[in-house]
Amino acid sequence: MKKIMKSELFSWITSITIALIMALCVRAYLFEPFIVEGASMEPTLNNNEKLLVNKAATYTGSVNSQDIIVIDGGEDINYVKRIIGLPGDKVEMENDALMINGKEVDEPYLDKEIEKAHAIDMNYTGDFGPITVPSNKYFVLGDNRLNSMDSRNGLGFIDEDQIIGVSEYVVMPIKEARKTE
């Protein structure tokens with residue numbers, strides 16, 4: 001009887017150890033939760049929402065324009081921003097029209113905010129550019145263009161190796177769970 005109990009205990013310990021190692025590997029290399037801090041991504045993301053971030057996207061090179069990413073800002077600071085310009089892109093903004101390489105890019109996630117700003121004779125995003133994004137760099141903006149430190153005003157261009165991952169889902173609070181876009 002003692003032999004069976006020892007064998008069963010060993011089996012449980014082995015199973016728990018393997019599960020913990022797998023969980024740590026998933027978190028380190030595939031997916032990790034992050035908390036949105038501040039209002040720079042409103043109306044798309046709100047303060048204190050928890051994101052599930054796909055870290056594998058950085059390994060596979062599947063980071064694209066319009067993706068919401070988490071950026072390693074150093075000193076235990078992370079930023080959540082939207083990629084606007086990829087390496088080599090020419091980015092400019094004029095009268096709330098985003099132009100990438102001379103073509104207007106639709107930003108439907110900002111339609112209501114732009115409409116509110118135009119109703120009071122104001123632009124939601126200040127004009128800038130044209131700016132050419134250097135190799136291995138990215139140009140990012142917060143969706144709350146009136147209240148965001150981003151590539152225009154403090155963060156500058158983002159190095160490829162600063163990108164922690166691409167936001168896939170808002171997972172908390174549960175009633176607000178959704179795919180990030």
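Asp150 and Arg152 form a salt bridge in which the closest N and O atoms are 2.9 Å apart; a salt bridge is taken here as a side-chain nitrogen of Lys or Arg within 4 Å of a carboxyl oxygen of Asp or Glu. The structure is a predicted model, in which local features need pLDDT of at least 70 and side-chain atom pairs count only at pLDDT 80 or more, whereas totals for chains, interfaces and linings use all residues. Residues are numbered from 1 along each chain as its sequence is written, and side-chain values use heavy atoms, with hydrogens and water left out. Asp150 is buried, with a relative accessible area of 0%, while Arg152 is partly exposed at 27%. In these terms, buried means under 20% relative accessible area, exposed means over 50%, and partly exposed lies in between, computed with a 1.4 Å probe on protein chains only.

The salt-bridge rule gives a count of 8. One of these joins Lys55 to Glu32, with 2.8 Å between the closest N and O atoms. This pair links distant parts of the chain, 23 residues apart: Lys55 belongs to the loop between strand E2 (50–54) and helix H2 (56–60), and Glu32 to strand E1. Helices (H or I, at least four residues) and strands (E, at least two) are DSSP runs, numbered from the N terminus. Lys55 counts as buried, at 12% relative accessibility, and Glu32 is also buried, with a relative accessible area of 14%. Another salt bridge is formed by the side chains of Lys116 and Glu113, at 3.6 Å from N to O. Both residues lie in helix H3 (residues 111–119), 3 residues apart, which is about one turn of the helix. Lys116 counts as exposed, its relative accessibility being 53%.

Aromatic side chains take part in two kinds of contact. The structure holds 2 aromatic pairs, where rings of Phe, Tyr and Trp (its six-membered ring) pair if their centres lie within 6.5 Å, and planes under 30 degrees apart count as stacked, over 60 as edge-to-face and the rest as tilted. Phe128, Phe139 and Phe157 make up one aromatic cluster. Charged groups are also placed over rings, the criterion being NZ of Lys or CZ of Arg within 6 Å of the ring centre and within 35 degrees of the ring normal. The charged end of Arg82 sits over the ring of Tyr109, at 3.6 Å from the ring centre. For Lys179, the charged end sits over the ring of Tyr169, 5.4 Å from its centre.

The largest pocket contains about 290 Å³ of space. It is lined by 15 residues, of which Ile35, Val36, Glu37, Asn78 and Tyr79 are the closest to its centre. On a 1 Å grid over the protein atoms alone, a pocket is an open set of points with protein on both sides within 12 Å along at least five of seven lines, as against a cavity, where a 1.4 Å probe fits but cannot get out; lining residues have an atom within 4 Å of a point. Grid points are joined across faces, edges and corners, and the volume is the space filled by probe spheres set on the points. Strands E1 (31–35) and E4 (78–85) each supply at least two residues of the lining, and E4 gives the most, with 4 residues. By class, the lining has 9 nonpolar, 3 polar and 3 charged residues; Ala, Val, Leu, Ile, Met, Phe, Trp, Tyr, Cys and Pro count as nonpolar, Asp, Glu, Lys and Arg as charged, and the others, Gly among them, as polar.

Several backbone features fall in loops. A cis peptide bond, with omega about 10°, joins Glu42 and Pro43, and Pro43 is found in the loop between E1 and E2. The peptide bond from Met172 to Pro173 is likewise cis, with omega near -5°; Pro173 is placed in the loop between strand E11 (163–172) and strand E12 (178–179). Asp76, although not a glycine, has a positive phi of about 60°. Asp76 lies in the loop between strand E3 (68–72) and E4 and counts as exposed, at 84% relative accessibility. Asp121 also has a positive phi, near 55°, in a residue other than glycine. The loop that holds Asp121 runs between H3 and strand E8 (128–132), and Asp121 is exposed, with a relative accessible area of 76%. Gly126 is placed in the loop between H3 and E8 and is partly exposed, at 41%.
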